[in-house]
Amino acid sequence: MLRPGLIFARGPATIAVMPIADASNDPLAAQMAANVSGRLTDGLAKIENIRVLAPDMAASKADFVVKGELQRSEHAWTIRVRMTATDTGEVKWTASHSVAVTEDMDVPLQQSRLAAGVGHALAVRLNELLNADPRSAAKSKVVIEQATAHINQTSPERFKAAQAMLEQALTEDPDDTDVQIALAALLMRGVQMVWLSGAEREVAETKAEAVLQQTLRAKPNHIPANEAYCRFLNATNQFGSSLVACARALSFDPWNGIALYHIGLAQIQTGRFEDALATFKQADRFDTPQVSRWTWMIGAGWANMLMGRAEDAVPWLQKSIAITAASGRTHMLLAAAYQQMGKTEEARAAMEKGRELRPGSTYHNVPTPKKNSSPVYIEAAERIMQLMVAAGLPAS
């Protein structure tokens, strides 16, 4: 059933989510399990290329059945879920996810994160099964791992070595979609790290776009391809197209925080600050994938600053910095927020840290490119830049 093309030949794959079990006699746990089941089912029902069936039809109609158990400890909820193929009984996927029980996290947020934690992983696994290409998977994995190892310590030299590896692999197998996606992502990393200049940058952007479009022609429903194209369009200031591409990625994984983050960025650049803030908050409610959580936190802080809400921005920016200092931009935004609040000492300290992380920063090279940006965004961004200058960012 899972051979490439066979599922599509007979229609969308079908899946049934059984009610999540609760081994305790705690009414609160039973209600939590029921709500998480409902959220998980509702999310899966949004996925474009599968159909979700009622639980009582699972045994005879569904291709896959999802079953789970929910347990509560003193400090956390833990959900364990598995997916089996109904025709063979083979376990195709298992996962567990825990959510802390804290004073600052209400019950609906706990439910959202429990459902998203397993829903995101399940959506990715389903997508892998429906887009599997066993011919090249093993070889691709080795090449991509080696290329990634070369740029773990980022430098222009390592970038070139990784690029050569991936381009050689693509020459040997031009239809390998995993290598296509890895090469496009690497090229855009070179652009964003300013390792490519002038004509080189234009060549890299053109090549990355061509590669991703080739991938999407071959696998239009592939999450990594749609996600990579979403990021590419955002990075090249094609904001209208980016919104469409990112929404396409969400149609195969409704809990995809990376796609939500890039939608929020496009909304910011088009002057839709309130919409962007709502999008970043939605990504935070899902918190998937957790490795990217610092991104939507800085996004929420940025959106608040663009609307002049420094006090609301500060907690988001502080939480982002606590996860990763990133490139120094977060500290500079924090400096602008403190400056607006009249906390000049804190502003200067934050700016000093930002400049330490991003040497050579000035008023001219810190802002994002303005190509295709809304006049509303440009005006609001200029206010933030003036606050950064007042906090110690060199004017030239």
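## A helical salt bridge

At 55% relative accessibility, Glu356 counts as exposed (over 50% is exposed, under 20% buried, and partly exposed is in between, using a 1.4 Å probe and protein chains only). Its partner in a salt bridge is Lys353, with the closest N and O atoms 3.5 Å apart; the term means a side-chain nitrogen of Lys or Arg within 4 Å of a carboxyl oxygen of Asp or Glu. Lys353 is partly exposed, at 33%. Both residues sit in helix α16 (residues 344–357), three residues apart, or about one turn.

This is a predicted model: local features need pLDDT of at least 70, side-chain atom pairs need 80 or more, and totals for chains, interfaces and linings use all residues. Numbering runs from 1 along each chain as its sequence is written, and side-chain values use heavy atoms, with hydrogens and water left out.

## Other salt bridges

The count comes to 14 salt bridges. One of them joins Glu90 and Lys92 at 3.2 Å, N to O. Here Glu90 is partly exposed at 43%, while Lys92 is buried at 18%.

Another pairs Asp287 with Arg293 at 2.5 Å, N to O. Asp287 is buried, at 4%, and Arg293 is partly exposed, at 25%.

## The second largest pocket

Asp287 and Arg293 also turn up in the lining of the second largest pocket, along with residues including Trp316 and Lys319. By class, that lining has five nonpolar, one polar and six charged residues. Helix α14 (310–323) is one of the helices that supply at least two lining residues, and its three residues are the largest share.

Key:
1 Å grid on protein atoms, 1.4 Å probe; cavity = no way out; pocket = protein on both sides within 12 Å on 5 of 7 lines; lining within 4 Å. Helix = DSSP H or I, 4+ residues; strand = E, 2+ residues; numbered from the N terminus. Nonpolar A, V, L, I, M, F, W, Y, C, P; charged D, E, K, R; others polar.
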